[in-house]
Amino acid sequence: MACVVQVSLAALLLLPMAPAMHSDCIFKKEQAMCLEKIQRANELMGFNDSSPGCPGMWDNITCWKPAHVGEMVLVSCPELFRIFNPDRDMGVVSRNCTEDGWSEPFPHYFDACGFDEYESETGDQDYYYLSVKALYTVGYSTSLVTLTTAMVILCRFRKLHCTRNFIHMNLFVSFMLRAISVFIKDWILYAEQDSNHCFISTVECKAIMVFFHYCVVSNYFWLFIEGLYLFTLLVETFFPERRYFYWYTIIGWGTPTVCVTVWATLRLYFDDTGCWDMNDSTALWWVIKGPVVGSIMVNFVLFIGIIVILVQKLQSPDMGGNESSIYLRLARSTLLLIPLFGIHYTVFAFSPENVSKRERLVFELGLGSFQGFVVAVLYCFLNGEVQAEIKRKWRSWKVNRYFAVDFKHRHPSLASSGVNGGTQLSILSKSSSQIRMSGLPADNLAT
């Protein structure tokens, strides 16, 4: 089960995805190759079920070719153990073919290949990978619910419709799509607790991976758009926001489309193996990874530029306040920008593939899954403009409800005649406002 979870986690890590096949899939591949070798060896040696000697076999670790009685077969430790123990000198394991069949391996895999170390590491990884998966499942679920609520609020109130909030809404949608794609991928590809995913190579499976990569890359690019928009807003005094928003939309949704389409085409023609969830070709993977790393780095530069501008503005005499309050506002602004720009992704952007894998999983999957939740809270629920609009609507609803009930009690004949109290109330309010407006000139003249 943990093997399946580990493959799922590796597929989720966009930037540090190792260009290698998972250990469980390596065993499956080695087993298939072993059976082919045994079949060819039987044909060359003329072996059959009634022939004396030892038939070829796969012992779930390595492959043993057919042998005659009295023959000793030597095999090297599987390549997998070299991956997990690169500093260990791998030995050779032997078996003797006797009249009773194959003897026990000598020396044992424990001694020759460090198999016991691999098993102990696997036992520890079971709990670790399952914990990480539970963490990011909770994170993406929380983010999805919070972002959906924030989208409803921003779409519902027309006074909140502006270029800044439109960009926020596109970022929210990219976070939502990323969470949905993760759930779909886990549900379709890794629902079965076995290794069947190693040999899945269907169009549906590959389409899911293409959709997943598109959602992830789009999310990174909309983080970049947030940084680009804010930097432009601070640098330029006047700029056509609507025209800029048109180009922002093309960059945010169009660039990922081009990158993922090129990657899928190259993958189809040059590396059409498996479900495209692992990458054996590093060059092809950089078609996606390159633009993502570039957007992260440019966003980091924009982040530094915005901080410099904020320092200059806060230190100007017009701002006022003492030095401590200036630094407090600067620190608060910096903390608000980190989740919006995705600055935390720069921590592992250029680190080697095999360095700090566990820390990277927790940081990018565990904590990163809550990024949508944090962004929705900071830029919607804690936004003063949003809170003011919600309070205004709430007060308006309470006032209308109060007068509607009061009108119903004062004029039961109108209420029973089927006339809507709210309609009558609106008519009365409009009439009274018109009377007040018509009386204004007379009052002014009188004064």
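The secondary structure of the protein chain comes to 15 helices and 5 strands. Both are DSSP runs, numbered from the N terminus: helices are H or I with at least four residues, strands are E with at least two. The model is predicted: local features need pLDDT of at least 70, side-chain atom pairs count only at pLDDT 80 or more, and totals for chains, interfaces and linings use all residues. Residues are numbered from 1 along each chain as its sequence is written, and side-chain values use heavy atoms, with hydrogens and water left out.

Start with the whole chain. It has 447 residues, and 40% of them count as buried. Buried means under 20% relative accessible area, exposed means over 50%, and partly exposed lies in between (1.4 Å probe, protein chains only). The accessible surface is about 24,500 Å², with 62% belonging to carbon and sulfur atoms. These areas come from the Shrake-Rupley method with a 1.4 Å probe; for residues, only the protein chains shown count as cover. Take contacts between residues at least 6 apart in sequence: 71% of them join residues at least 24 apart. Contact here means heavy atoms within 4.5 Å.

Now the helices. Two packed helices are described by the angle between their axes and the distance between the axes. Axes are lines fitted to C-alpha atoms, for helices over the stretch in contact, and angles run from 0 to 180 degrees between N-to-C directions. Helix 8 (residues 241–270) has its axis within 10 Å of that of helix 6 (residues 163–189), and the two cross at roughly 10°. Helix 6 and helix 8 are therefore roughly parallel. The cut-offs are under 35 degrees for roughly parallel, over 145 for roughly antiparallel, 65 to 115 for roughly perpendicular, and oblique for the rest. On the helix 6 side, the contact includes Phe166, Ile167 and Val173; helix 8 brings residues including Phe245, Tyr248 and Trp253. By class, this contact has 7 nonpolar, 3 polar and 2 charged residues. Nonpolar covers Ala, Val, Leu, Ile, Met, Phe, Trp, Tyr, Cys and Pro; charged covers Asp, Glu, Lys and Arg; the others, Gly among them, are polar.

Helix 8 also meets helix 9 (residues 282–314). Their axes come within 8 Å and cross at roughly 170°, so helix 8 and helix 9 are roughly antiparallel. Cys259, Val262, Trp263, Leu266, Arg267 and Phe270 in helix 8 face Leu284, Trp285, Val287, Ile288 and Pro291 in helix 9 as contacts.

Serine 181 sits in helix 6 and is buried, at a relative accessible area of 1%. Leaving out residues up to four places away in sequence, Serine 181 touches Phe211, Phe212 and Cys215. Methionine 209 belongs to helix 7 (residues 203–235). Methionine 209 is buried too, with a relative accessible area of 0%. Its C-alpha atom is 9.5 Å from that of alanine 264, 55 residues apart along the chain.

Two strands pair if DSSP finds at least two bridges between them. Strand 3 (residues 72–76) and strand 4 (residues 92–98) pair over 5 bridges; methionine 72 has asparagine 96 as its bridge partner. Strand 4 and strand 5 pair over 2 bridges, and threonine 98 stands opposite glycine 101. In strand 3, Val73 and Val75 form the covered face, while Met72, Leu74 and Ser76 form the uncovered one.
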